[in-house]
Structure formats: structure tokens, C-alpha cells
Amino acid sequence: MNKKLHGVKLTQTKCDDSFWTPYQELVIHTVIPYQEQILNDAVPGAEKSHALANFRIAAGLEEGEFYGMVFQDSDVAKWLEAVAYSLWVHPDEALERRADEVIDIIVKAQQQDGYLDTYFTIKEPEHRWMDLLEGHELYCMGHMMEAACAYYEVTGKNRIFQVAERMADCIASVFGQERYGIPGHEEVEVGLMRMYQLTGEKKYCELAAYFINARGMKPEFFREEARKREFTVFGMDPENLEYNQAHKPVREQNEAVGHAVRAVYLYRAMADLAAATEDTALQKACKGLMDNILTKKLYLTGAIGASGELESFSKAYDLPSDRAYAETCAQIGLIFFAKAMLDMEPDGKYADVMERCLYNSTLSGMQLDGKHFFYVNPLETNPGISGEVFGMRHVLPERPGWYQCACCPPNLARMILSIGRFCWSESEDTIYSHLMIGQEASLELADVKVESRYPWSGNVKYRIEPKTQDAFTMAIRIPGYVKEGTCRITVNGEAAEYSLEKQYAYMKRTWEAGDVLEIRFPMEVRRIYGTVRCKDTAGCVGLMRGPIVYCLEGIDNGEQLQALVLPRSADIREAEGEGEVLGGTVLLKAQGLREKDTEELYSESAPQTEEVTLTAVPYYLWGNRGLAQMRVWIRECL
């Protein structure tokens with residue numbers, strides 16, 4: 001089971017799934033065009049982006065000043081990456097031409113030495129590489145590298161990839177043995193590893209290794225950098241080394257701390273590097289960091305980053321529902337980290353968290369119209385308090401149309417369109433299936449067609465067309481919530497022999513064309529309880545069915561959701577969702593109690609209760625039917 005693994009390219013998969021295909025169509029036909037308009041400042045009333053104008057100004061194509069966040073370039077890069085994946089899912093010559101035009105502008109904006117950053121090119125060219133703590137140069141370049149890899153992989157056009165190559169050479173000429181430097185916001189490490197995975201060029205892996213291995217080696221670096229310069233971008237505290245994971249060398253880190261997005265971007269790159277180099281010490285650090293997240297810092301929805309202060313991880317078990325930060329980008333980063341771990345070692349717990357994020361705390365970041373987005377994904381909102389009261393102003397009860405800091409929408413678009421990459425890993429003799437998403441996959445050992453109605457049904461078929469006459473293994477992940485003895489696996493209708501290791505069912509045989517591997521397990525409603533160490537879930541229960549987390553909304557249950565109580569003895573029944581938002585989903589209903597409302601602040605009288613029917617809806621859909629209260633954790637009584 002320890003043979004060398006690798007992931008698959010998006011171009012080896014074609015999604016055909018009742019759940020994910022509609023989301024991909026939404027991104028292709030609505031989100032990408034809408035974001036293109038946003039980047040061109042063509043949406044009246046939306047927050048100004050100016051991102052493409054910044055590139056045109058840097059390229060000398062128009063006059064003007066830089067506008068936006070210092071990392072505004074990354075919005076263009078992530079949009080371009082999403083476009084690349086879109087062109088694979090749904091070829092579009094007109095969109096490809098427009099993308100090529102954007103690439104032409106990027107090429108012209110790149111400096112002769114390979115440097116590419118519109119903020120410093122336009123605004124402060126004399127300060128290049130002088131503010132690594134806050135300047136985001138390496139962050140933006142890392143995202144451009146990812147976009148370049150995606151566009152080259154899908155279209156075969158290398159114009160933007162040549163930009164990435166020149167950029168990487170420029171970075172290598174500046175940093176290394178002669179000059180120490182690490183980015184304040186990790187991402188270039190990810191971009192460089194993507195370039196290495198695509199090309200096999202060791203210099204990209206070596207440069208990524210430099211930035212990863214250098215982190216935390218000189219704790220005084222950011223302080224000394226701040227002392228030397230006479231300008232500032234954000235005014236971040238150079239002493240707060242945990243914020244950007246620079247407090248210890250990476251192999252000594254065992255707790256997820258600081259800015260959640262920066263952290264999981266770093267951890268993903270660490271896992272990619274550990275797998276590529278078989279660095280056991282780095283592998284151990286990655287496992288320890290992931291275990292810390294899974295056991296102490298993960299919301300029920302798969303969200304991470306509990307603190308609104310600096311968008312960061314909080315202390316162990318501090319997971320407030322109504323003050324959660326839970327940035328969409330953080331969950332997306334955790335998905336990337338989990339997939340990198342699976343490419344290093346197949347373990348069902350990594351696929352479980354990847355799946356939980358995918359079906360809950362990432363999709364909640366986008367309205368079904370594809371034009372409104374959450375930056376923050378709380379587990380409880382209270383209109384009139386959420387978004388208004390000090391300490392909770394980051395928790396919005398409705399999705400805005402855009403943000404000045406708009407990192408999440410294009411990040412979500414690229415994730416949804418590239419979902420096929422998360423489904424598989426391969427070794428020389430084993431195919432690993434991590435997610436039960438309907439698709440056609442052209443893998444090295446076999447072509448596999450997956451037929452699935454997951455997450456609503458626990459019945460998935462794999463139709464296998466082998467490409468070899470030798471025996472090989474199909475390893476199918478069994479979700480962690482499936483109870484022992486309830487899963488049935490067959491091949492061509494006959495019970496299959498398999499071994500189970502870390503939630504993967506391993507079936508080795510000489511596969512024949514047309515073989516059908518089928519897996520069946522019940523999708524039962526489950527009550528979920530938090531540890532008493534987490535004060536925000538004490539006395540409450542969460543509801544899940546399959547990978548889906550449920551919540552109560554005021555639309556169905558009236559006001560004051562905190563007055564609702566679910567008896568532990570109550571039967572929870574399933575119901576079919578109806579309407580434009582809930583149609584095709586499974587709802588949960590139960591007989592519960594409502595404490596009667598009173599304007600009296602305190603009373604010696606015990607609350608009076610009445611019986612009511614509680615309706616729970618999938619969390620990822622909340623906020624799509626109008627402004628109302630929302631709550632994941634439900635009070636429970638005996």
C-alpha cells in the first residue's frame with residue numbers, strides 16, 4: 001500500500017454528475033462572465049475591481065493609477081485559471097479568445113527581468129522585494145503560476161506558461177543562498193510545485209523547497225525588514241510570527257496557527273513537496289498539522305479559521321457559531337491540503353474532510369444566482385445583530401454582490417470546475433477513488449465511468465474498461481460515517497472480496513472490459529454532538545445525512561430559532577425538497593418544542609413550551625430564500 005502515488009490531471013476527467021454538473025454549468029455560464037465584467041468594472045453598483053485596468057496600465061496600454069488591494073493581480077490569475085478549466089468542461093472559442101487577449105496584456109505587463117506585479121510596477125517600483133511581509137508579490141506570482149499551468153494543460157498554449165517560467169527564473173535570481181526571503185502570504189510555493197508536477201523540471205521543486213525550508217529559520221527577518229523600510233502597505237505586526245507560520249521551522253510545527261488561508265496554502269505545498277521528495281520528517285509534520293485541524297479546530301461544516309481577528313485559527317475547541325470567520329478560501333485551501341495528503345498516503349480521514357468541505361462550507365459561499373458571495377461562512381446568523389454589532393460585523397446574514405477584497409469568488413469558481421482532480425490518485429498498480437462523483441475518467445490503468453446520485457443516495461457504480469491485461473487494484477473509499485457491516489460491495493452482481501485499510505476497500509483482480517463494481521450503503525440521518533470542551537455546542541445537536549450538514553432557517557421555522565428544542569427521543573424523518581432552491585434535495589423534519597417568546601428580560605417562571613414541527617435544510621443552501629435567521633446547532637433536551 002506504500003507505493004508511489006500521483007494525482008491525475010483535470011484533462012483525464014469529465015464530470016457528469018447530478019449534483020456537481022449544474023454547479024459547473026452555473027460557473028461557466030454565469031459566474032465566469034459575471035466575474036469578467038467585475039474585473040472590467042462593468043457591473044453598476046458592484047465594488048470596483050480595476051484589476052484588469054491595473055494590468056493595462058502596467059503594460060503601458062493606458063494611463064492611470066493603481067487601484068485596489070495590493071494583491072488585486074490574484075483575482076485575474078484565479079479567473080484565468082477558472083477559465084482554463086471551463087474551456088475543458090465546455091469549450092468556448094469566444095471565451096478562449098478573450099482569455100488570450102487578457103494573456104497578451106499580462107505578457108506586456110511583465111518586466112524584462114521576468115518580474116510581474118502591477119502594484120509595485122505602477123505605484124512603487126523602487127520598493128520591489130522590500131516588503132515581503134505585506135507586499136504579496138510572491139503570492140500574486142504563485143497564483144499566476146497556477147493559472148499558467150491550468151491554461152497550458154487544457155489548451156496547449158504556452159504563452160502564459162512562458163510568463164510563469166520567466167517569473168520563476170526572476171524569483172530564483174533574487175532569493176536563495178545569497179539573499180534570504182520568505183513571503184508573508186504563502187502561495188508561490190504552491191505555484192512552483194504545480195509547475196514541477198506539470199513539467200518535471202527539478203528547479204521548480206528546488207525553489208519551492210527553498211521557500212518552505214527557509215520559513216521560520218530566521219525569526220527576526222520580518223522585524224528587520226520592517227525596520228529597514230520607510231513605507232508600509234497594511235501595517236501588519238512583524239512580531240506576530242504565528243500569523244504567517246514563521247514562528248518555527250516547518251518540520252517543528254505541530255499546531256495550525258495564524259491566518260487560516262496562509263496556513264493551509266503552506267501545508268498543501270509542504271505535502272506536495274514531502275510526497276515528491278519522500279521527506280519523512282516533512283510528511284510527519286504534515287500529518288501532525290492535519291490531525292490538529294481535524295481533532296481540535298474544525299467546524300462541523302468543514303470550515304476553519306474561527307477568529308475574525310486576523311482571519312485566523314483560534315485556540316483548540318474555540319469554535320463559536322455566530323462569530324465564526326470560516327473564510328471560503330480557507331476551506332478551499334483545506335481541500336487542496338487534503339488532496340495533497342491523499343496523494344502522499346491514502347487515508348479516508350483526508351477524503352472525509354475534503355468531502356465535508358466540498359458539500360458544505362465552500363458551496364455556502366455562493367448564491368444560486370452565481371452573482372452573490374460570502375467571504376465568511378458562519379454556523380449561525382441573527383439579522384439585526386450579525387453584520388452590525390461590534391465583533392460580529394464580519395458575519396453577514398446575506399451574500400453581497402462583490403468585495404473589494406474579492407479572493408473568494410474566483411477561488412470557488414476554479415475549485416468547482418476542477419473537481420475531477422480531487423477524485424482520484426494512482427500508483428503503478430492501484431486506482432484510488434476518493435470521491436463518489438459521477439464522471440468519466442481516463443486513468444493510466446483503466447477508463448472508469450462513475451454513475452452516482454451521491455450525496456442523496458449511497459449507491460455508486462464504477463464501470464471499468466482496463467488498459468492492461470495484468471491484475472490491478474481498485475481502492476474505493478468508504479465514507480467514515482458508514483457503519484461497519486452496512487456496506488455491500490459487488491462486482492458484476494456478486495459479492496466482492498476486499499481488504500479494508502484506512503477506509504479504503506482494496507479489490508485486486510484481473511479486470512475485464514465491462515466489469516461493474518458497485519457499492520451500496522445506507523444514508524442514515526445522524527445526530528452529531530460536540531465535545532464539552534467546545535462551549536458553543538454544549539447542550540446542542542447537529543444533524544447530518546451522508547456528507548450533508550443541515551441547518552434551521554427562519555423561513556421554515558419562524559423567528560427566534562434559539563427557542564427551538566429537539567428532544568433526544570424525537571424521530572427524524574426525511575422529506576423531499578420542493579421549489580427552485582430545495583427541489584431535488586432531502587429535507588429533515590422532526591417534532592420539537594418551542595419555548596414561548598416573552599418581552600420580559602428575566603423571570604422566575606419556567607418557560608412555557610408548545611409542540612412544533614422542525615424543518616432542517618442543507619446548510620450549503622442557506623440564505624437563498626431571503627433574509628432570515630439561520631442556525632446549525634439545535635438545542636436538545638432529554
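Two strands pair if DSSP finds at least two bridges between them. Helices (H or I, at least four residues) and strands (E, at least two) are DSSP runs, numbered from the N terminus. This is a predicted model, in which local features need pLDDT of at least 70 and side-chain atom pairs count only at pLDDT 80 or more, while totals for chains, interfaces and linings use all residues. Residues are numbered from 1 along each chain as its sequence is written, and side-chain values use heavy atoms, with hydrogens and water left out.

View 1. β6 (residues 439-442) and β7 pair in the antiparallel sense over 4 bridges. This hairpin has 3 residues between its strands. Here Ser442 stands opposite Asp447 of β7. β7 also pairs with β8, again antiparallel, over 7 bridges. That hairpin has 6 residues between its strands. Lys449 stands opposite Arg463 in β8. In a regular strand the side chains alternate between the two faces of the sheet. The covered face of β7 holds Ala446, Val448, Val450 and Ser452. Its uncovered face holds Asp447, Lys449 and Glu451.

**View 2. A cis peptide bond lies at Pro455.** The bond joins Tyr454 and Pro455, with omega about 15°. Pro455 sits in the loop between β7 (446-452) and β8 (459-466).

View 3. β4 (residues 424-426) and β5 (residues 430-433) pair in the antiparallel sense over 3 bridges. Ser425 has Tyr432 in β5 as its bridge partner. Axes are lines fitted to C-alpha atoms, for helices over the stretch in contact, and angles run from 0 to 180 degrees between N-to-C directions.

**View 4. Helix α8 is covered by several helices.** Buried means under 20% relative accessible area, exposed over 50%, partly exposed in between (1.4 Å probe, protein chains only). The buried residues of α8 include Val188, Leu192 and Met195. Their cover includes α3 (73-89), α6 (137-155), α7 (159-174), α9 (202-214) and α11 (260-277). Just after α8, Gly200 takes a positive phi of about 75°.

**View 5. Helices α11 and α12 cross.** The axes of α11 and α12 (residues 280-296) come within 9 Å and cross at roughly 145°. Among the residues that meet are Val264, Tyr267 and Leu273 in α11 and Leu282, Cys286 and Ile293 in α12.

**View 6. Two loop residues have positive phi.** His136 has phi near 65°, a positive value in a residue other than glycine. His136 lies in the loop between α5 (118-122) and α6. His136 is buried, with a relative accessible area of 6%. Tyr317 has phi near 70°, also positive in a residue other than glycine. Tyr317 lies in the loop between α12 and α13.

How values were computed
Contact means heavy atoms within 4.5 Å.
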